Amino acid sequence: MEGGSPLWQNTARATVPLISLCMIVKDEEPWIARCLSSVRAGVDEIIIVDTGSRDRTMDIARSFGATILQFPWKESFGEARNYSLIHATGEWILWMDADEELAVNDALKLRMVSTLQEHKLASVETIHFNGPFRPQADEAYRLAQCRLFRNGEGFHFTGGIHEQLSWPDTYTREDTSTPFQLPVRLFHYGYLQSVTTLKSKHERNLKLLQEAVTDNPNPDPWSLYHIASEYQRVGKYALAFEQVNQAIAASLGQRRLPPSLFYKLKYGCLLAMGSFREGWPGIDKAISLYPDYVDLHLYKGCILMHTDQVEAAISAFEHCLTLGENALHYMVLKGAGTFYPCYYIGNCYELRGMSGESRVWYRRALEYFPSFKEAAEKLAHLEDELQAVEEVPSGVRSFSVPSHRKNSLRCNTTPANAWSVIVMLCKGDGPFSALREWAAKWQPFADQWIVLDGGIGADADKLASVLSAHVLPLPSDEEQSQLWGRLEGVLTSPHVLWLNPYEEVREEDREALSAMKTSQASPYSMFSLNLCLQAGEVEQEHWEVERNRLAVREAVLGCNPIIGELIAIPEDIRRSNTRKIKLIISKGDYRLWQLDLQDQQDQQGLQVQQVRVE
């Protein structure tokens, strides 16, 4: 054991510290200094249990005067955390992780526990960020979580992963049901997608959780829930839905009320998959169990809106505003009781053709959250319509019905120019680093990514995690007819762009593509991208072949990646309603594609022309 005296420690209380901070860590160099800096003014002792760090984590911890304990990793976070409790000497114990920090000036508020006489537990408001890269106020969940408890009372942690604080057997429900809530905010960054990718959290968590339930006739419902949550986090919503249903069944089998989080995850998965009709009317049963849980009412409104029950949807969203979002004994989506329902009510009025009312509600959403991008875009578009009526070409359909993207609720009404990008990954398409670099070039065009896994395996999941993408396995040749139906189940945007890895677009064409993307209205239902199959240094000529790669979603009949005509479009649209743009295929693919053209151009009816490179 190593130790030191914290520089901020009050010597008058040195023999009986008020608060001991207990943490378990491993290779937390990027985060631990921020964490300890935020909390050190409010605690008297820091206990760090290290399970095998190989970076500078321990050196940084020592600089904060921490007591450092080495503990061999035993595949159990609960055991490691309990080891830290043994060495804590404070009257109260605060537990945190290295990827967390307290809000500025909140550390000293922890010391309010010195005034508590009857309470044995205290909670703080935890704000869990869950966006792609950096913390965003509207991409977070809030929860009042017990983070402080009296030392020496028998509190301990159970569970190998996602460990939970457990009470002594002698405690009654009254002892633990109403912890004192401190006016303290704790920010958790560990489930930002950029952090989970860096730390490989998903793979680690899933392995430990599956080991806990394998061959167990009575699996712990929380373990099943956390497996579902891991699948949901990487966009595998069907697997998440299956697992959370098992968690609910396990709870009921043990004659226990399934926790509210189970139902939140269940209906969140249905929304993410676009399975709106499957969510109605079952969600009312969940609401009857948790009538003040605003997130469930928000989900209900989305389900009603997508099943053409617009009046009932408006009523559900209005009820969200009545409930607000401060019932923090639930995990509450930021905005669930404020700007999201206002935004969706605006969506509903748009569906009814009442643009004036829509503008009112979009403005109200922006009053709650001025940086709400989607509400601002919708409002700007409606206000532009007041200035001039745009001529819409005959035969072009309007795709204003909102659709649900991932588990973020903000884009239920996608802009008219939104694109879903589908990329098919096969064996040999790696490495992951090259795929990530390639995908970054297409990121400006992608409002949604979908990854088809044609056998690349782990790299498909890694890329999907970085892109917040859905992952679907590529079906066999015999199942190609079902692929489009499966894709429609997760598509959220009115336009579809199909790519293969490493395909790039020329700079001048990139500008044209950007102009197409940002235009609010287009006379085209399909955009045929001419693939330029370059021979490079082999010979001074290349092939061009017309492929259907970008189309209005509702004009698509199907797709078949095996034969290369990836998106099937009606012939009348292909002849009369097409915009062409050149897409450059990497030089390394030339030989394969040249053979395909020679062998299949007649059978596929492709228009191929040989052109000279200037």
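**Ground rules.** I am working from a predicted model, where local features need pLDDT of at least 70, side-chain atom pairs count only at pLDDT 80 or more, and totals for chains, interfaces and linings use all residues. Residues are numbered from 1 along each chain as its sequence is written, and side-chain values use heavy atoms, without hydrogens and water.

**Helix pair.** I took helices (H or I, at least four residues) and strands (E, at least two) as DSSP runs, numbered from the N terminus. I looked up H7 (residues 221-233) against H9 (residues 260-273). Their axes are 11 Å apart, at an angle of about 30 degrees. Axes here are lines fitted to C-alpha atoms over the stretch in contact, and angles run from 0 to 180 degrees between N-to-C directions. That makes H7 roughly parallel to H9 (angles under 35 degrees). The crossing of the two is left-handed, meaning the near helix is turned anticlockwise from the far one by less than a right angle.

Next I listed the contact (heavy atoms within 4.5 Å). H7 brings Pro 221, Trp 222, Tyr 225, Ala 228, Ser 229 and Gln 232. H9 brings Leu 261, Phe 262, Leu 265 and Cys 269. I sorted these residues into 8 nonpolar, 2 polar and no charged. In this scheme Ala, Val, Leu, Ile, Met, Phe, Trp, Tyr, Cys and Pro are nonpolar, Asp, Glu, Lys and Arg are charged, and the others, Gly among them, are polar.

**Salt bridges.** I counted a side-chain nitrogen of Lys or Arg within 4 Å of a carboxyl oxygen of Asp or Glu. The count is 16 salt bridges.

I checked Glu 29 with Arg 56: the closest N and O atoms are 3.8 Å apart. Glu 29 lies in the loop between S1 and H1, and Arg 56 in the loop between S2 and H2, so the pair ties together parts 27 residues apart in sequence. I looked up exposure too (buried is under 20% relative accessible area, exposed over 50%, partly exposed in between; 1.4 Å probe, protein chains only). Glu 29 is partly exposed at 31%, and Arg 56 is partly exposed at 44%.

Asp 106 is buried, at 3%. Asp 106 meets Lys 109 at 3.1 Å, N to O, and Arg 185 at 3.9 Å. Arg 185 sits in strand S10, and Asp 106 in the loop between S5 and S6, so that pair ties together parts 79 residues apart in sequence.

Last, I noted a network of salt bridges linking Glu 125, Arg 142, Glu 325 and Lys 334.

How values were computed. Parallel < 35°, antiparallel > 145°, perpendicular 65-115°, else oblique.
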